[in-house]
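This report describes one protein structure for a reader who has not seen it before. The sequence and the model are shown first, and selected features follow.

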Amino acid sequence: MLVSMVAAWLLSVGGILIFIGIIQPFSMLSNIFLVAIGVLVVVVICPCFKQEVARRQTAEGVLRQQTDRERLVNQIAQHIRQSLDLDHVLETTVADVQRFLEADRVLIYRLWPDGTGSAINEAVLPPYPVILGTSFPPEVFPSEYHEAYSLGKTRLIENIEEADLETCLTDFLQQFGVIAKLVVPIVQENRQVEGNPSVPYLWGLLIAHQCDRPRIWETWELELMQQLATQVAIAIQQSELYQQLQQLNAELEERVQQRTEELAHANVALRDEIAERQRTEVELRHTNHTLKTLISASPRAIFTLDIEGYVKIWNPAAEQMFGWTEAEVINHPNPIFIDDPLENYSTLRSNLLQGITYSVELRRHKKDGSAIDIIFSAAPLKNSENQIEGIVAVIADITEQKQQEEQVRLLQSVVVNTNDGVVITEAEAIDEVGLRIIYVNKAFTQITGYSLEEVLGKTPRILQGEKTDRTELDKIRTALSRWKSVTVEVINYRKNGSEYWNEFSIVPVGDRTGWYTHWIAIQRDTTERKQAEQALRQSEERFRSLIENALDIIMILDTDGTIGYVSPSVEKVLGYLVSELVGKKIFEPIHPDDFTTTYQSLTNTWQSAELNRPIEFRYRHKDNSWRTLEAISQPFIDNAATTRIIVNTRDITERKRLDEIRLALEREKELSILKTRFFSMASHEFRTPLSTALAAAQILENSPDEWNDSQKRLRNLHRIQDSVRNMVQLLDDILTINRAETGKLEFNPKFLVLDKFCEQFVEEMRLSAGSQYTITFTCEGNPIPVCLDEKLLRSILSNVLSNAIKYSPKGGNVHLGLEFQLHQVLLRVCDRGIGIFPEDIKQLFEPFHRGKNVRTIPGTGLGLIVVKKCVDLHQGSIEITSEVGIGTTCVVTLPLVL
């Protein structure tokens, strides 16, 4: 249909195009446009057309193949019906099958009673060997295979070399050139074998061989072979019956003549007997039909067993109740008692066969394994001679009844033991008297104080009083008049007159016909809940008043920072109205410099259930000024689906201003103290060398002996020089510290070969220290040029090494270690000197501070301060560890890249 429609459409479009082309031959633009439309139509329609053609061709091929297969089966069946010549039918069959399947060989293999076999018909293509007429011993087709094939087994082998076959069978097939084969049994269903007509008889095999290649046998090919094998079996049986008929016909003709006279005499008596039997059969058929109809229509399961316990009748109710179909149980043992202990079933069966009837309640299992409760009633089944020849059983399924009984028992237990009061009243029309109570449970009596006897026949109005809400009662009356459920909460009164809040739901209950018969009310004493709600409301009002009048700002935020609630105090503190902030992000007015820390703090609040530490941040006032706020946040848990946080914020702008003023005053005071201390200590440090120089000069001036004695004169001059040198060093240290404090200390880094520099500096220190100290140097790591200020580095090493030498005993060891790391370089100075007390280590970098154990060792207390300033300019660090009497280690860390 689709192809026809497309073709017609194309013709119509083409006709229109031709018509337009004839009418307007000189309009080139129109022609081009029409051609484009035609091409577009072809491009769009052709793929769909091709797909439809391909689909139809596939369907036609499948239909053609099915038609050919049915034609072949019908053709062979026609041969069988038209011919009694078995050989001709078999030859035609193998030839047609070989031609239809395009197999290399098709043959019929006949099995003989002695176990041997032979190929009695064959159609084979050259050059493959002919098997026709060849006989094979019993070993070729062992007797143990007969039973499987007689039950309909088929064999499909796509490739004998890949199939799971015995080696001998593979070799046997290969001698006939077989690569793939399809074997279908020829079975006679009703042939009598050793007096048993119900056993299928394996007459032979219908076999197809593929010799030129492996072959995957299709399902339809197997089905075709099975259909043809069935037709062949029919032909064989038809031929055998025909032969038997001819033999019996001859015998019958002889006996007919003998029996004709006997029949003539018995004819009259037989007619009378036949008439009587016909009347009896009619009555029996009527009775049997009636019984079968009753059994089939019975809602209860009915079945009969013979004397051996095999099922003979199995009605539809039994199928529906237990799940086994009639075909599954007829002439089989009773499936209902298969899982019973042998003794119980044997006892039941023995008693029934003795004439004792039974009716007992049991639990049985259905076919699917589920259990059902039944009432099993059975009686012996007697024949016309009053002999017991079986058992008849009638079974009623009471599973639903048992479940309902259990549900009723459970419901009764719930009603009796529940803590809620249950009241059942009649479902009569509402009148002035009201609905009469017919049942109350124990909980009702405990709630109200009334006993069961005091309320039976009364109405629920005995619980009402002056505070009972009439509006709620009208709601109940309206719902009851419409047979609707209703739930209300009112104040009721106990027997002793005390009030209590009562929440109850009333529902109508109907019978199976849908007619409402009763009202059921479930009552609950909600007095405590009402009191708790009242207390909660009062508490909420107090807290709301507290929050709304507090100076602090209370905010509740969603997970994305949206303000869900803000207290009215925000207007006093930040100038914003509540409506201006609710729904906005809290982060928008935060100062950019404080945004990151504030955001991280709030994010941590969502991830942690603990109270966060206070944070400070600047927030924009509505007048665009900045206010400093202090906030504490924690998760806020309410009935919302998502977690929120509550933030308590306080304006600390004024407090911060006062703190800054206080800190400035403290710094000013501390600076004044430091100045006083510095001048005092500097004066002391300067006075000592000046006093020494002055004393030495006065000695030389006032004592001619000291001046004339060259050794004494030289000693005094050295004292003056050392004092001046100490004063110069002191002044240099003070100037260095001052330049660093004021930012005027020059810092000129350049690349140095640090290992060579340190090695050379150590050599200078050895010359200065003389032979009284041992100074060593080591270098670790991969030496690389380092960008450092040479002058400041020399000051660092000079002060650290000088201290190590100064505070070490004579003959002591001082070590300088240089270590290159990935991003930094370490200068480590170790000595075995007097060490430093722990309390002194904390004050090492304070001006003029010296350890308690330095005694008379000279020093200014400014060297380490100079070192610290130089290290800080390099963005490095200094760390000192020491033990008194053991020694001191000073580690200076400097970055490789500044």
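## Residues with positive phi

Asparagine 624 lies in the loop between β19 and β20; helices (H or I, at least four residues) and strands (E, at least two) are DSSP runs, numbered from the N terminus. Although asparagine 624 is not a glycine, its phi is positive, at about 75°. Asparagine 624 has a relative accessible area of 56% and is therefore exposed. Here buried means under 20% relative accessible area, exposed over 50%, and partly exposed in between, with a 1.4 Å probe and protein chains only.

Glutamate 102, also not a glycine, has a positive phi of about 55°. Its place is the loop between α3 (86-101) and β1 (105-111). Glutamate 102 counts as exposed because its relative accessibility is 62%.

## Basis and confidence of the model

This is a predicted model, in which local features need pLDDT of at least 70 and side-chain atom pairs count only at pLDDT 80 or more, while totals for chains, interfaces and linings use all residues. Residues are numbered from 1 along each chain as its sequence is written, and side-chain values use heavy atoms, with hydrogens and water left out.

The average pLDDT of the protein is 79, and 81% of the residues score at least 70; pLDDT is the predictor's confidence in each residue, from 0 to 100. Over residues 1-27 the pLDDT is below 50, and this stretch has 16 contacts in the model beyond near neighbours in sequence. A contact means heavy atoms within 4.5 Å. Where pLDDT is low, the predicted coordinates should not be read in detail.

## Overall composition

The protein has 898 residues, of which 34% count as buried. Its secondary structure comes to 24 helices and 28 strands. Of the contacts between residues at least 6 apart in sequence, 54% join residues at least 24 apart.

## Aromatic pairs

A pair of aromatic rings is described by the distance of the centres and the angle of the planes. Rings of Phe, Tyr and Trp (its six-membered ring) pair if their centres lie within 6.5 Å; planes under 30 degrees apart count as stacked, over 60 as edge-to-face and the rest as tilted. The whole structure holds 16 aromatic pairs. In one of them, the ring centres of phenylalanine 136 and phenylalanine 176 are 6.1 Å apart and the planes stand at 80°, so the pair is edge-to-face. This pair links distant parts of the chain, 40 residues apart: phenylalanine 136 is in strand β3 (residues 135-136), and phenylalanine 176 is in the loop between α5 (167-174) and β5 (180-188). Both phenylalanine 136 and phenylalanine 176 are buried.

Another pair, phenylalanine 303 with tryptophan 314, is tilted, with 5.6 Å centre to centre and 35° between the planes. Phenylalanine 303 belongs to strand β7 (residues 301-306) and tryptophan 314 to strand β8 (residues 311-314), so the pair ties together parts that are eleven residues apart in sequence. Phenylalanine 303 counts as buried because its relative accessibility is 1%, and tryptophan 314 counts as buried because its relative accessibility is 2%. Tyr109, Phe136, Phe172 and Phe176 form one aromatic cluster.

## A cis peptide bond

Proline 126 and proline 127 are joined by a cis peptide bond with omega of about 10°. Proline 127 is in the loop between β2 (117-124) and β3.

Aspartate 373 is part of strand β10 (residues 371-382). With a relative accessible area of 9%, aspartate 373 is buried. Leaving aside neighbours within four places in sequence, its contacts are Leu362, Arg363, Ala396, Asp397, Ile398, Thr399 and Lys402.

Lysine 712 is found in helix α20 (residues 710-742). Its relative accessible area is 30%, so lysine 712 is partly exposed. Lysine 712 and leucine 700 are twelve residues apart along the chain, and their C-alpha atoms are separated by 8.9 Å.
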